[in-house]
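Here is a friendly walk through one protein chain. Please have the sequence and the model open as you read.

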Amino acid sequence: MPHLVIEHSANLADKTDMDHLCRELQSVMVSSNLFELGGIRVRAFSAAHYAIADLQGENGFVDLNLRIGKGRSLEDKKKVGDALMERAQTVLAPLFETEHFALSLEIREIDAELSWKHNTIHKRIRATGPNS
């Protein structure tokens, strides 16, 4: 774990490069040194159906939801949250030039007793090193 899920309004598909946003936010997570490389996941989903604020068709949103395992300090969580938000604001800067865009981020901790995983990526990365 950590998994960063990016949900966005479908009307942003032609206004921003979501692959680029995913890679940029993955880079922030790696450089935070808070997470093991083999557990990092960043993915984006387009919401085809939505109703935003005053229902103007130009309104759009990006919602970042970071799910992490327990055990990190509040300071560390705030630090990675600030870094993710800053990078997202940079990548999405053109969207902020309008009066029709909202960006949000939430960090959620997952109870280990209620989280099941089976991951072969960890074994490979641990054996070869993160830069292989």
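## How two helices cross

The crossing of helices α1 and α2 is right-handed; that word applies when the near helix is turned clockwise from the far one by less than a right angle, and left-handed when it is turned anticlockwise. Please note that this is a predicted model, in which local features need pLDDT of at least 70 and side-chain atom pairs count only at pLDDT 80 or more, while totals for chains, interfaces and linings use all residues. Residues are numbered from 1 along each chain as its sequence is written, and side-chain values use heavy atoms, leaving out hydrogens and water.

Two packed helices are described by the angle between their axes and the distance between the axes. Here α1 covers residues 18-31 and α2 residues 74-91; they pack at about 155 degrees, and their axes are 9 Å apart. That makes α1 roughly antiparallel to α2, a label for angles over 145 degrees. The axes are lines fitted to C-alpha atoms over the stretch in contact, with angles from 0 to 180 degrees between N-to-C directions.

On the α1 side, the meeting residues are His20, Leu21, Glu24, Leu25, Ser27, Val28 and Met29; on the α2 side, they are Ala83, Leu84, Arg87, Ala88 and Val91. By class, this contact has eight nonpolar, two polar and two charged residues. Contact means heavy atoms within 4.5 Å. Ala, Val, Leu, Ile, Met, Phe, Trp, Tyr, Cys and Pro count as nonpolar, Asp, Glu, Lys and Arg as charged, and the others, Gly among them, as polar.

## The chain as a whole

Three helices and four strands make up the elements of the protein chain, and from the N terminus they run β-α-β-β-α-β-α. Both kinds of element are DSSP runs: helices are H or I with at least four residues, strands are E with at least two. Of the 132 residues, 36% count as buried, meaning under 20% relative accessible area with a 1.4 Å probe and protein chains only; exposed means over 50%, and partly exposed lies in between.

## The nonpolar core

Which residues touch the most other members of the largest nonpolar core? They are Leu21 and Val62, in a core of 24 residues. Such a core is a set of buried Ala, Val, Leu, Ile, Met, Phe, Trp, Tyr and Cys residues joined through side-chain atoms within 4.5 Å. The largest share, six residues, comes from α1.

Leaving out residues up to four places away in sequence, Val62 touches several residues, including Ile6, Leu12, Met18, Leu21, Leu92, Phe101 and Leu103.

Pro2 sits in the segment before β1 and, at 0% relative accessibility, counts as buried. Beyond four places in sequence, its contacts include Met29, Phe35, Ile40, Leu66 and Ile68.

Asn65 is in strand β3 and counts as buried at 16% relative accessibility. Not counting residues up to four places away, Asn65 touches His3, Leu4, Val5, Glu106 and Arg108.

## Positive phi in two loops

Most residues other than glycine have a negative phi. Asn33 has a positive phi of about 60 degrees; this residue is found in the loop between α1 and β2 and is exposed, at 69% relative accessibility. Ala53 also has a positive phi, near 50 degrees. Ala53 lies in the loop between β2 and β3 and counts as exposed at 76% relative accessibility.

Methods. Angles under 35 degrees count as roughly parallel, over 145 as roughly antiparallel, 65 to 115 as roughly perpendicular and the rest as oblique.
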